[in-house]
Amino acid sequence: MRRTRLYAFLAIAGIAASQAVSAADAGGKIIAAQCNGCHGFEGISKGIIPGLRGKPAVYLSESMKEFKSDKRKGTIMNRIAKGYSDGELDNVAKYYSGLK
Amino acid sequence: MNRRRFIKAVGAAGALSGLGLVGCTSAGSKPGSGHVVIIGGGAGGATCAKYIRHLDSGVKVTVVEPKTEFATCFMSNWVIGGIKEQNWITHGYAGWSKKHGINVVHDTAVSIDPVAKVVKTRGGQSIKYDRCVVSPGVDFRYDTIDGYGEAVAESVPHAWHAGPQTALLRKQLESMRNGGLFVIAAPPNPFRCPPGPYERASLVANYFKKHKPRSKVLIMDAKDAFSKQGLFVAGWTTHYGYGTANSMIEWRSKANDGMARAIKAESRTVVTEFGEVKADVLNVIPAQKAGHIAAVAGLTDASGWCPVDPLTWESKVHKGIHVIGDAAIQAPIPKSGYAANSEAKVCAAAIVALLNGRSPDVPSWVNTCYSLVTPDHGLSVAGVYTYTDGKIAEVKGAGGLTPKDGHFSLEASYAESWYQNIIDDMFG
């Protein structure tokens, strides 16, 4: 409910709050489509970049958050994960996890 | 529910504030149906076609592309440098079109009528559309370098459209004498693949180191700075003696009289404001503009590129026509293959939404771009972008370059894997 009010406020204020909208992207599909470029169509990787399809949501979500906080040192993912809220990362994790 | 309500509200606010968000179906199209004609089957066009079909199999998609095989400009430096063969960067359409139910017309689009909504081809076809996507890549401003032109490029390649030009430059490199000078005339901003000329210099130097060690690469630049400069310079210093008298790579900035004003094709000579440089192999990458059809269709502005609303990538000039990839004004997203792929997905989702009578979702973009200094020394730049105040905004604190102490060898491995996956995302 709090979230709904926040969105309504942002809309009325005329702020194109894409961060907030992306967070509301409950299926994670919009952001996940952007991940496919490196991780493969629908998360199926053809090479050494890890595939994401069907992996447990907790594993995917925790991995991305650890990259985001630099707790885990990767290469490019430390820079990319910082572009998203924890909620957005959870949604992306759920999306790929749900692909069987 | 929350999201839908919010987007509706933003749509109304956007329309009121003149953002021009489109929230209705195009005339004549039924929800869940419609015909999308995509001009150009490269990184942008192929991705857009495939994603539209996956998002809504009721939408018919036709791709107009003259070539029966498509060579990607990204990774073509790997072919020039001898790391990969030409067939590695070349992809056909036959299996792809069948797999995804996409109609491919191997012809050249010569006009777009935005009122009648018809694309005409050189072969005489008239193709009616509900929405048109223009993804023509770049064309060259040959008039900016005296003595250069399309015919001259047959002997002095630009190799900035991959395919025969890539093979030609590779052949010239292989035929060059040991001790020769390979000159790359690099273009002014904005242009396709900003780190491309510098990766090319790197991989040519890598070839020289192994096969023609007395040879040298000279980059003559129309700019005073370039993409990933610090990382390239550090890599060149490590691998090619950059900064020493024996450096295999030299970079001459615009301020240092590096900019090519003219060329003499017969003698492979570059003419600058104050002097001349004679090359053994000359690679001229001219200034660029949106691909030809974009200008013909009146989609470009005075800059030579196409203004769009990034929510849908619909042209700000002609309704019902979307422009994606290098041809679009997409700053702060750079003109890269990944960007075209990223924009194509946003455009595909927006078109499917519009054809189904829904408001488009608020988008999100990513750019990821790898370059090699050597086959085992990779660099990357990344960016995450959101839609803010009707424009594309880079998320602060995210993205950026490989750190100075980065995993260069791992990034080189990921570069190859990146290519395999993005190609599968586009052409698989």
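Guide: Domain bounds, as used here, come from an automatic or database domain assignment. The model is a predicted one.

Visitor: OK, which domains does chain B have?

Guide: Chain B has domain 1, covering 2-66 + 107-137 + 291-361, and domain 2, covering 142-287.

Visitor: Switching to strands. In what order do S6, S7 and S8 of chain B sit in their sheet?

Guide: The order is S6-S7-S8, in an open sheet of three strands with antiparallel pairing.

Visitor: Which of them stand at the edges?

Guide: S6 and S8 (126-128) of chain B do. Each has a single partner strand, so one side of each has no neighbour in the sheet. On average, neighbouring strands of this sheet are turned by 20 degrees against each other, direction ignored.

Visitor: How many bridges join S6 to S7?

Guide: Four, between S6 (residues 109-113) and S7 (residues 118-121) of chain B, running antiparallel. B:Ala109, for instance, has B:Thr121 of S7(B) as its bridge partner.

Visitor: What about the hairpin, which residue there takes a positive phi?

Guide: B:Lys117, with phi near 60 degrees. The hairpin of S6(B) and S7(B) has four residues between the strands.

Visitor: And S7 with S8, how many bridges?

Guide: S7(B) and S8(B) pair over three bridges, in the antiparallel sense. Across that pairing, B:Val119 stands opposite B:Ile127 of S8(B).

Visitor: Where is B:Asp257, then?

Guide: B:Asp257 is in the loop between S13 (249-252) and S14 (262-264) of chain B. Its phi is positive, near 60 degrees, and the residue is not a glycine.

Visitor: Why point that out?

Guide: Because most residues other than glycine have a negative phi.

Visitor: Why does B:Asp257 count as partly exposed?

Guide: B:Asp257 has 14 other C-beta atoms within 10 Å, and partly exposed lies between the 12 or fewer of an exposed residue and the 20 or more of a buried one.

Visitor: Which residue of chain A has a positive phi although it is not a glycine?

Guide: A:Glu42, with phi of about 55 degrees. The residue is in the loop between H3 (29-39) and H4 of chain A. A:Glu42 counts as partly exposed because 18 C-beta neighbours lie inside 10 Å.

Visitor: What does B:Pro188 touch?

Guide: Leaving out residues up to four places away in sequence, B:Pro188 touches B:Ala222, B:Lys223 and B:Ala287. B:Pro188 is found in the loop between S11 (181-186) and H6 (196-211) of chain B. B:Pro188 and B:Gln288 are 100 residues apart in sequence, with their C-alpha atoms 8.3 Å apart. With 15 other C-beta atoms within 10 Å, B:Pro188 is partly exposed.

Visitor: Now chain A. How many helices and strands?

Guide: Six helices and zero strands. Buried residues are 51% of the 100 residues in chain A. Of the chain A contacts between residues at least 6 apart in sequence, 55% join residues at least 24 apart.

Visitor: At what angle do H4 and H6 of chain A pack?

Guide: About 145 degrees, for H4 (residues 57-68) and H6 (residues 86-98), with axes 8 Å apart. The crossing of H4(A) and H6(A) is right-handed.

Visitor: Which residues make the contact?

Guide: From H4(A), A:Ala57, A:Leu60, A:Ser61, A:Met64 and A:Lys65. From H6(A), A:Asp86, A:Leu89, A:Asp90, A:Ala93, A:Lys94, A:Tyr96 and A:Ser97. By class, the contact of H4(A) with H6(A) has six nonpolar, two polar and four charged residues.

Methods: Residues are numbered from 1 along each chain as its sequence is written. Chains are lettered from A and ligands numbered from 1 in the order in which they are written. This is a predicted model: local features need pLDDT of at least 70, side-chain atom pairs count only at pLDDT 80 or more; totals for chains, interfaces and linings use all residues. Two strands pair if DSSP finds at least two bridges between them. Helices (H or I, at least four residues) and strands (E, at least two) are DSSP runs, numbered from the N terminus. Axes are lines fitted to C-alpha atoms, for helices over the stretch in contact, and angles run from 0 to 180 degrees between N-to-C directions. A crossing is left-handed if the near helix is turned anticlockwise from the far one by less than a right angle, and right-handed if clockwise. Two residues are in contact if their C-beta atoms, placed from the backbone, lie within 7 Å. Ala, Val, Leu, Ile, Met, Phe, Trp, Tyr, Cys and Pro count as nonpolar, Asp, Glu, Lys and Arg as charged, and the others, Gly among them, as polar.
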